[in-house]
There are 2 protein chains.
Amino acid sequence: MSHEKLRDLRCRLGEIADVSAAISLLRWDQETYMPPKAASGRGQQLATLSAIGHRLLTAPELGRILHELNDSSDQLDADDAKLVSETLYDVTRAAKLPESFVKEFEETSSQAYEAWVTARKESQFAVFQPHLEKIVGLVRQKADYLGYADSPYDALVEDFERGMTASELHRLFTELAPRLSALVARIVAKPEGDDPEWLKGNWEESARWDMSVRVLRDMGYNFAAGRQDRSVHPFTMEMGLEDVRVTTRLSPDRLFDGLTASLHEGGHALYDQGFQEKDRRTTLAAGPSLGIHESQSRLWENMIGRSLPFWNYYTPMLREHFPSQLAGVEAEDVYRALNRVHPSLIRVEADECTYNLHIIVRFEIERALIEGQAKVSEIPEFWNAKITEYLGLAVPDDARGCLQDIHWSHGAVGYFPTYALGNLYAAQLFEAILRDIPDLWSHVEHGDFRPLLSWLRTHIHQYGRRKTAGELVRDASGQTPSNEPFLTYLTGKYGELYGL
Amino acid sequence: MSHEKLRDLRCRLGEIADVSAAISLLRWDQETYMPPKAASGRGQQLATLSAIGHRLLTAPELGRILHELNDSSDQLDADDAKLVSETLYDVTRAAKLPESFVKEFEETSSQAYEAWVTARKESQFAVFQPHLEKIVGLVRQKADYLGYADSPYDALVEDFERGMTASELHRLFTELAPRLSALVARIVAKPEGDDPEWLKGNWEESARWDMSVRVLRDMGYNFAAGRQDRSVHPFTMEMGLEDVRVTTRLSPDRLFDGLTASLHEGGHALYDQGFQEKDRRTTLAAGPSLGIHESQSRLWENMIGRSLPFWNYYTPMLREHFPSQLAGVEAEDVYRALNRVHPSLIRVEADECTYNLHIIVRFEIERALIEGQAKVSEIPEFWNAKITEYLGLAVPDDARGCLQDIHWSHGAVGYFPTYALGNLYAAQLFEAILRDIPDLWSHVEHGDFRPLLSWLRTHIHQYGRRKTAGELVRDASGQTPSNEPFLTYLTGKYGELYGL
């Protein structure tokens with residue numbers, strides 16, 4: 001009886017996973033190889049497949065099966081019970097949004113995205129404002145559909161970081177912000193020259209491409225179940241357990257951007273390649289939150305890829321690729337070049353110490369918008385004041401201010417905090433990793449990432465959605481998530497680098 | 001009233017087109033960039049999306065709308081009436097096949113394909129035989145579901161060449177075969193040496209790639225609405241009017257294979273890029289039959305790409321790419337090298353004179369299988385005898401005999417004849433083109449294909465499915481389709497080449 005229903009459930013989840021995979025491929029192609037004139041048709045294809053996916057997820061028959069299985073969940077083994085409860089969570093949530101609303105949301109955000117592109121190019125917030133007003137109206141409506149106890153922002157952040165709330169984020173961030181600002185102030189007070197001369201110039205592409213592929217392979221990324229391509233903005237796309245693709249970029253004047261992108265996306269991809277085979281095409285083959293996913297990318301990008309032992313191994317290789325341009329450049333030089341701290345206007349270019357301050361600015365603004373304490377028209381002023389407060393900088397124009405990020409144009413409100421949480425989780429997990437693998441650095445120094453990957457597979461990847469973000473971090477580190485490990489990590493690393 | 005129904009119809013057809021586009025992208029990716037381990041997951045994704053497409057096409061509500069519109073078709077303009085009748089044709093046909101049958105068919109042919117790959121590699125028909133027996137059983141069942149007046153083969157060929165029948169094909173082919181055989185016999189009787197020395201050797205890839213892109217662009221292929229990539233077997237894939245992609249291959253020891261593949265696929269692609277904008281995402285944006293589609297590819301590949309004027313223009317360019325390897329090679333040399341006639345075992349390598357004989361062998365065998373006059377176990381013997389009869393060759397093994405083609409493993413019975421029809425249609429259309437554009441060759445000789453493309457757009461492409469294959473050929477050429485123009489074309493061209 002249960003067996004038959006479970007088979008039916010898995011069959012339906014397989015269909016839903018297949019539709020999601022098709023959507024992922026349409027998106028991957030859109031950013032990599034799609035011919036330019038195909039853009040508007042691609043938008044329609046994505047809208048249609050999203051609607052079909054929503055229809056499959058909210059099919060009454062699926063709901064009925066899930067409720068029946070859930071009612072007799074004592075007859076299920078732990079994995080099946082989890083599969084049922086997690087799917088029921090998704091279905092219940094999806095069913096709260098009428099299909100007409102989903103469609104309106106997609107159409108509105110599609111137009112808002114176009115407006116944002118123009119607005120950013122012209123640095124004119126006014127072009128984006130009416131669209132963002134519609135978006136804010138819709139996400140508030142979405143919060144009402146989804147329901148919430150405390151703040152409507154809670155209902156939105158739930159989509160990205162399940163269980164997280166506005167008040168918990170507020171608590172974390174009000175503790176974090178002044179301590180980060182204080183650290184940055186101490187660093188900035190230290191005299192530091194310009195970027196070193198050797199970092200300037202143009203860098204041949206194919207050598208950098210080969211380096212980034214080499215690093216991905218060394219990390220343990222499986223190229224038989226994935227591939228790397230180029231795109232304007234690097235991303236990871238998952239089309240099933242055996243097809244997890246990354247992209248990177250290679251700006252001619254930036255020696256390290258392709259490599260750090262590959263490390264970051266490689267971290268995401270190793271997670272997606274590390275779910276259990278038995279979870280294939282089911283709800284469980286996913287991370288529990290974007291924050292946890294980001295912890296994986298940031299751990300590889302920053303804790304590993306911006307460490308001295310990492311560059312002890314890779315600097316000679318890099319020098320071989322660029323013998324004249326990098327003559328005399330040592331690991332220590334690269335390490336210092338990659339870890340320069342200076343407050344800047346653009347989030348995606350921010351260093352480890354200032355990055356979370358950028359996020360906190362966005363969180364404060366979007367929370368105020370959703371809770372009705374600020375109006376869309378007030379965003380530029382709000383933004384500029386906050387950047388001055390946290391980073392001590394004057395914002396010269398909206399393109400380098402409140403128009404720099406794509407997220408709000410997509411209707412993604414409540415997304416930004418997951419970046420900051422990713423950094424917090426990464427530091428907390430890394431503290432545990434260094435405790436559990438005392439000789440980690442000597443492995444890294446020899447380009448051997450197997451102990452690290454094995455730890456991540458064991459403590460994080462294999463669980464999929466079996467544990468929440470909080471459970472994963474707590475079980476792996478022995479502590480509930482907090483700001484402390486991140487601040488300890490930064491203070492240690494940058495204290496040494498800047499001689500504080 | 002009709003207006004609202006038409007809008008509903010177009011909305012549903014748009015969804016169906018979007019699902020088809022996603023399927024096309026999944027297939028394109030499968031043959032170009034997909035990582036190897038993704039293969040089995042990709043099969044499931046394709047099966048799911050095909051089932052969803054079938055479900056959308058056979059939705060009762062769509063049938064109801066179509067019947068209502070069809071009943072009052074006198075109130076519709078000609079285009080809308082055509083849209084309704086063509087869609088009703090598709091829906092009625094799809095509805096005859098139960099979804100369980102569609103699924104069984106897909107699973108069986110998926111297994112048959114795997115078996116065929118092994119069988120061909122090992123040249124063991126016995127490995128493929130039980131699978132092909134299942135396939136033949138299923139396609140006969142399919143014929144019964146679909147219904148037919150005369151032969152069950154008629155019901156199958158209808159999928160690929162609507163309106164065509166076994167007896168009509170038999171009439172055409174029994175007339176064609178002896179005349180082709182006689183022509184080939186006269187050619188073979190002429191003494192001819194080996195391939196010229198200059199044709200041997202290894203050919204650098206990037207120059208050949210650039211040449212093939214150049215030719216595609218010259219043909220009028222729009223790279224803003226398409227792209228070319230590499231694959232093992234060249235193909236064209238259409239994901240909507242603004243996204244029609246081709247692939248080519250570049251074997252290191254074959255100077256011309258990439259170029260002829262680009263010409264062939266370019267011919268298909270120009271057709272798909274040439275449908276009317278107003279037919280976007282509807283039933284009408286397609287060719288009426290595979291034979292007509294193939295006529296476009298063969299016309300560009302053979303009538304143009306294997307002509308002397310074409311090589312008068314491109315030989316100097318080719319020589320520039322390979323100055324030492326092609327020193328002293330003239331257009332006439334290339335023209336002769338590309339038009340050597342010699343009976344061979346492999347269809348895809350066959351010249352223009354012997355190609356259709358390969359098809360006739362396959363037609364006779366598959367018709368006999370479907371009509372119950374032959375058993376699957378008898379195929380190798382049947383095949384080998386026919387190859388000896390038509391081409392005078394002994395088949396050394398099944399890999400170079402009845403196992404060489406993929407089609408039957410996919411369950412595509414009734415497909416092969418469309419290749420032969422493509423050649424017939426192409427010759428008949430080309431006769432009309434030379435009549436309508438008397439100075440065609442002087443344009444071709446200057447790399448100017450605009451008059452040709454314009455003729456094809458006017459007489460073929462723009463109609464989509466508004467005309468049947470027969471109507472297109474008759475309206476464009478003034479004659480019903482027949483063997484004569486093809487035989488006249490071959491006799492003229494090869495009579496001159498071989499001094500018959």
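Buried area is the accessible area, taken with a 1.4 Å probe, that two parts lose on being put together, summed over both. With that in mind, begin with both chains on display: chain A and chain B bury about 2900 Å² between them, and 56% of this lies on carbon and sulfur atoms. The structure is a predicted model, in which local features need pLDDT of at least 70 and side-chain atom pairs count only at pLDDT 80 or more, while totals for chains, interfaces and linings use all residues. For making selections, residues are numbered from 1 along each chain as its sequence is written, chains are lettered from A and ligands numbered from 1 in the order in which they are written, and side-chain values use heavy atoms, with hydrogens and water left out.

**Stop 1: the interface**

Select the residues of each chain that touch the other, where contact means heavy atoms within 4.5 Å; 37 residues of chain A are in contact with 37 residues of chain B. Across this interface the rule finds six salt bridges, a salt bridge being a side-chain nitrogen of Lys or Arg within 4 Å of a carboxyl oxygen of Asp or Glu. To view a salt bridge with a partner in each chain, pick Glu15(A) and Arg55(B), whose closest N and O atoms are 3.0 Å apart.

The interface of chain A and chain B also holds 17 residue pairs in polar contact, both residues being at pLDDT 80 or more. A polar contact is a pair of N or O atoms within 3.5 Å; within protein, one must be able to donate a hydrogen and the other to accept it, and residues adjacent in sequence count only if both atoms are side-chain atoms.

The elements that give two or more residues to the side of chain A that touches chain B are α1 (2-32) and α2 (39-57) of chain A, and the largest share, 10 residues, comes from α2(A). The residues on this side divide into 18 nonpolar, seven polar and 12 charged. In that division Ala, Val, Leu, Ile, Met, Phe, Trp, Tyr, Cys and Pro count as nonpolar, Asp, Glu, Lys and Arg as charged, and the others, Gly among them, as polar.

**Stop 2: salt bridges in chain A**

Stay in chain A and select Arg55(A) with Glu99(A), which form a salt bridge with their closest N and O atoms 3.5 Å apart. Arg55(A) lies in helix α2 of chain A and Glu99(A) in helix α5 (residues 99-122) of chain A, so the pair ties together parts that are 44 residues apart in sequence. For accessibility, buried means under 20% relative accessible area, exposed over 50%, and partly exposed in between (1.4 Å probe, protein chains only); Arg55(A) is partly exposed at 31%, and Glu99(A) is partly exposed at 34%. Then select Lys5(A), Glu61(A), Arg64(A) and Glu68(A), which are linked in a network of salt bridges.

**Stop 3: Ala337(A)**

Move to helix α13 (residues 331-337) of chain A, where Ala337(A) has its place. Ala337(A) counts as buried, at 16% relative accessibility. Leaving aside neighbours within four places in sequence, Ala337(A) is in contact with Pro196(A), Trp198(A) and Leu199(A). Ala337(A) and Pro196(A) are 141 residues apart in sequence, yet 7.5 Å apart in space, C-alpha to C-alpha.

**Stop 4: salt bridges in chain B**

In chain B, select Asp159(B) and Arg93(B), whose side chains meet in a salt bridge at 2.9 Å, N to O. The pair links distant parts of the chain, with Asp159(B) in the loop between α7 (152-157) and α8 (166-189) of chain B and Arg93(B) in helix α4 (residues 78-95) of chain B, 66 residues apart. Asp159(B) is partly exposed at 36% relative accessibility, whereas Arg93(B) is buried at 14%.

**Stop 5: Ser295(B)**

Finish in helix α11 (residues 290-304) of chain B, which contains Ser295(B). Ser295(B) is buried, with a relative accessible area of 0%, and its side chain reaches the backbone oxygen of Ile292(B) at 2.6 Å. Apart from neighbours within four places in sequence, Ser295(B) is in contact with Gly422(B), Tyr425(B), Ala426(B) and Leu429(B).

How values were computed: Helices (H or I, at least four residues) and strands (E, at least two) are DSSP runs, numbered from the N terminus.
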